[in-house]
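Reader: I'd like to learn how to read a structure like this one. Can you take me through it?

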Protein chains: 2
Amino acid sequence: MTPFTDLRRLSLNQATTQRWSLREAVEGCARAGIPAISIWRDKAAELGLPASARLVRDAGLSVSSVCRGGWFGATTEAERLARLDDNRRALDEAAALGTDTLVVVCGPAPNRDLDGARAWVEEALARLLPDAEAAGVRLAVEPLHPMFTADRSVIVSLGQANDLVERLASPWVGVTVDAYHVWWDPRVYHEIERAAGRILGFHVSDWLVPTPDILLGRGMMGDGVIELRRLRVAVDAIGYDGFIEVEIFNQALWDTPGDEALALMARRYLEHV
Amino acid sequence: MTPFTDLRRLSLNQATTQRWSLREAVEGCARAGIPAISIWRDKAAELGLPASARLVRDAGLSVSSVCRGGWFGATTEAERLARLDDNRRALDEAAALGTDTLVVVCGPAPNRDLDGARAWVEEALARLLPDAEAAGVRLAVEPLHPMFTADRSVIVSLGQANDLVERLASPWVGVTVDAYHVWWDPRVYHEIERAAGRILGFHVSDWLVPTPDILLGRGMMGDGVIELRRLRVAVDAIGYDGFIEVEIFNQALWDTPGDEALALMARRYLEHV
């Protein structure tokens with residue numbers, strides 16, 4: 001399994017540097033030699049969309065994705081339609097920011113009816129496909145770890161995401177593979193093979209033992225137990241050659257000066273991804 | 001989906017009343033009209049095995065299971081063999097306590113090699129089958145929630161447990177279905193059907209939103225989002241008619257007086273299971 005020797009495929013997901021504005025993140029990437037960034041909508045909104053787009057373009061950074069669409073579940077029809085509209089705005093924002101990939105976190109069920117919530121996610125994605133095509137932006141469905149089923153995503157395994165995307169049968173929808181969310185799955189390598197041709201993103205971080213926090217407990221690559229290189233090699237083997245985003249929700253890392261965090265992240269990426 | 005109208009199938013898993021000794025738990029069950037108990041080995045050891053067995057028998061309580069065997073992974077061959085020996089002792093203890101079911105939590109990988117750890121679990125179970133038969137006690141493999149992959153169990157879904165048990169092909173190994181560990185799985189109802197004839201236990205609690213703690217954050221039935229009755233009806237529909245254990249690791253519940261906890265548990269069982 002060949003390690004990388006350069007940072008050409010590395011992307012900073014802004015969730016890793018929560019305290020930085022988009023401007024600080026863009027300048028930090030430039031200083032660290034990181035060629036790409038995944039932009040969060042709230043960070044772009046702070047600066048305004050046109051200024052954000054110009055900032056990233058002028059810095060020569062690629063935009064690996066925009067985070068995030070999804071969050072489809074709601075108790076009323078009006079609210080469900082409002083969620084769809086928000087996703088349409090997210091598609092347009094992604095296009096404006098210069099990426100063809102919108103990460104989609106599908107959201108929780110608004111009640112105990114998991115089946116119903118999952119059916120609505122599929123319908124919502126189907127309804128958004130024409131908008132995705134119009135914007136030239138693909139919906140990258142990210143299955144989350146099952147521990148987020150109740151509050152973040154009813155899509156909880158790569159197999160489930162593959163089934164969903166197969167049924168939708170469109171070039172405008174695919175999957176995001178995040179090592180943190182899928183590493184536990186005995187079927188993950190099988191499902192990565194099945195996802196050939198529709199992997200739209202690959203995210204890395206690590207699973208710490210013990211996990212300090214459900215949401216903010218992700219680790220830097222190498223500090224945990226995930227077989228990161230094996231997963232990366234599997235994703236590459238079926239033809240994925242896009243950016244690899246480092247997305248780490250971790251309070252201690254957020255409290256570290258951004259330049260230090262980026263230097264560590266680049267080093268660990270070369271060592272462990 | 002018909003609710004229960006009596007407590008005939010209810011069992012107190014001792015993990016729910018962590019502060020109670022076995023004697024206190026047995027007396028508490030008698031006061032609350034709960035006909036069965038799942039005994040933890042450390043609790044039986046406090047009192048001694050013969051006295052524990054006599055206590056439960058004299059109270060007329062059924063023993064739905066003993067917790068627990070498993071924890072197979074280790075870095076050295078000597079330690080792996082020691083773990084097998086411990087499981088043999090657990091089988092004998094279960095028999096002495098008057099149950100034919102040993103709950104098995106398979107343990108984490110001792111390193112990053114998940115595949116290797118999973119292969120060893122299968123081999124370990126195969127090696128224990130003659131001992132299980134000799135003791136007259138079945139190994140009830142309990143898949144844990146994937147959030148415990150790194151520190152408690154490399155067996156993380158009912159599908160994986162079914163695959164494992166199918167390959168072992170013995171009446172001395174089956175599965176424990178714990179609602180808390182499997183509710184998130186889009187395939188859970190399919191896998192419950194597949195488990196027909198080899199479900200050796202059914203555990204209930206609830207998934208709280210937000211989850212207060214990874215290990216000690218389970219909720220009382222009805223306080224969370226799990227479709228408990230639907231799961232119970234599915235398990236019954238394929239022929240399971242054994243005890244239903246309430247197993248709740250929750251600090252707040254542990255801090256509640258035991259009789260109150262049991263009264264609440266019995267009421268919620270009738271309402272939600």
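Reader: What should I know about the model and its numbering?

Author: This is a predicted model, where local features need pLDDT of at least 70, side-chain atom pairs count only at pLDDT 80 or more, and totals for chains, interfaces and linings use all residues. Residues are numbered from 1 along each chain as its sequence is written, chains are lettered from A and ligands numbered from 1 in the order in which they are written, and side-chain values use heavy atoms, with hydrogens and water left out.

Reader: How many helices and strands are in chain A?

Author: Helices (H or I, at least four residues) and strands (E, at least two) are DSSP runs, numbered from the N terminus. Chain A has eleven helices and ten strands.

Reader: Where is Ser38(A), and is Ser38(A) buried or exposed?

Author: Ser38(A) lies in strand 2, residues 36-40 of chain A. Ser38(A) counts as buried because its relative accessibility is 0%.

Reader: Which residues does Ser38(A) touch?

Author: A contact means heavy atoms within 4.5 Å. Leaving out residues up to four places away in sequence, Ser38(A) touches several residues, among them Ser11(A), Asn13(A), Ser64(A), Cys67(A) and Glu245(A).

Terms used. Buried means under 20% relative accessible area, exposed over 50%, partly exposed in between (1.4 Å probe, protein chains only).
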